[in-house]
Amino acid sequence: MNKNCFTTTLVPNVFTISVSIDGISVSRSNNKQFWPVQCRVDQLGHKSPFVLSIFYGESKPTDTAFLES
């Protein structure tokens, strides 16, 4: 039996992602803010992150506000 063939069929394909969230003020004259949720697939090397969603509001969102549609 080929040991390499046996072990490679049992190992699942796995990838990891990095998620970041940071607020951006729209202007200095009001409290409006954008909070983009960005994602990057770690195994793609130095590829730029992409936007998963954007929260828009007058204050910092709660932890669960990002999950609401």
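What share of the 69 residues in the protein is buried? Buried residues make up 13% of them. Buried here means under 20% relative accessible area, exposed means over 50%, and partly exposed lies in between (1.4 Å probe, protein chains only). This is a predicted model, in which local features need pLDDT of at least 70, side-chain atom pairs count only at pLDDT 80 or more, and totals for chains, interfaces and linings use all residues. Residues are numbered from 1 along each chain as its sequence is written, and side-chain values use heavy atoms, with hydrogens and water left out.

Start with the layout. The protein has 1 helix and 4 strands. Along the sequence they follow the pattern α-β-β-β-β. Helices (H or I, at least four residues) and strands (E, at least two) are DSSP runs, numbered from the N terminus. Contacts show how the chain comes back to itself. A contact means heavy atoms within 4.5 Å. Among contacts between residues at least 6 apart in sequence, 32% join residues at least 24 apart.

Now look at the end of strand E4, which covers residues 50–57. Gly57 belongs to this strand. Gly57 counts as buried because its relative accessibility is 13%. Leaving aside residues up to four places away in sequence, Gly57 touches Asn31, Lys32 and Gln33. Phe34 is 23 residues from Gly57 along the chain, yet their C-alpha atoms are separated by 6.8 Å.

Phe34 also takes part in an aromatic pair. A search of the whole structure finds 1 such pair. Rings of Phe, Tyr and Trp (its six-membered ring) pair if their centres lie within 6.5 Å; planes under 30 degrees apart count as stacked, over 60 as edge-to-face and the rest as tilted. The ring centres of Phe34 and Tyr56 are 5.1 Å apart and the planes meet at 45°, so this pair is tilted. Phe34 sits in strand E3 (residues 33–41) and Tyr56 in strand E4, so the pair ties together parts that are 22 residues apart in sequence.

Next come the charged pairs. The structure holds 2 salt bridges. A salt bridge is a side-chain nitrogen of Lys or Arg within 4 Å of a carboxyl oxygen of Asp or Glu. One joins the side chains of Lys32 and Glu58, at 2.8 Å from N to O. Lys32 lies in the loop between strand E2 (24–25) and E3, and Glu58 in the segment after E4, so the pair ties together parts that are 26 residues apart in sequence. Lys32 is partly exposed at 25% relative accessibility. Glu58 is exposed, at 53%. Another salt bridge links Asp42 and Arg40, with the closest N and O atoms 3.6 Å apart. Asp42 is partly exposed at 27%, as is Arg40 at 28%.

The protein exposes about 6,100 Å², and carbon and sulfur atoms supply 57% of it. Accessible areas come from the Shrake-Rupley method with a 1.4 Å probe; for residues, only the protein chains shown count as cover. Phe15, Ile17, Val19, Ile21, Phe50 and Leu52 make a nonpolar surface patch of about 590 Å². Strands E1 (17–21) and E4 each give two or more residues to the patch. The largest share, 3 residues, comes from E1. Ile17 is found in E1. Ile17 is partly exposed, with a relative accessible area of 46%. Patch residues have over 30% relative accessible area and no salt bridge; like charges are joined within 9 Å, nonpolar side chains (Val, Leu, Ile, Met, Phe, Trp, Tyr) within 5 Å.
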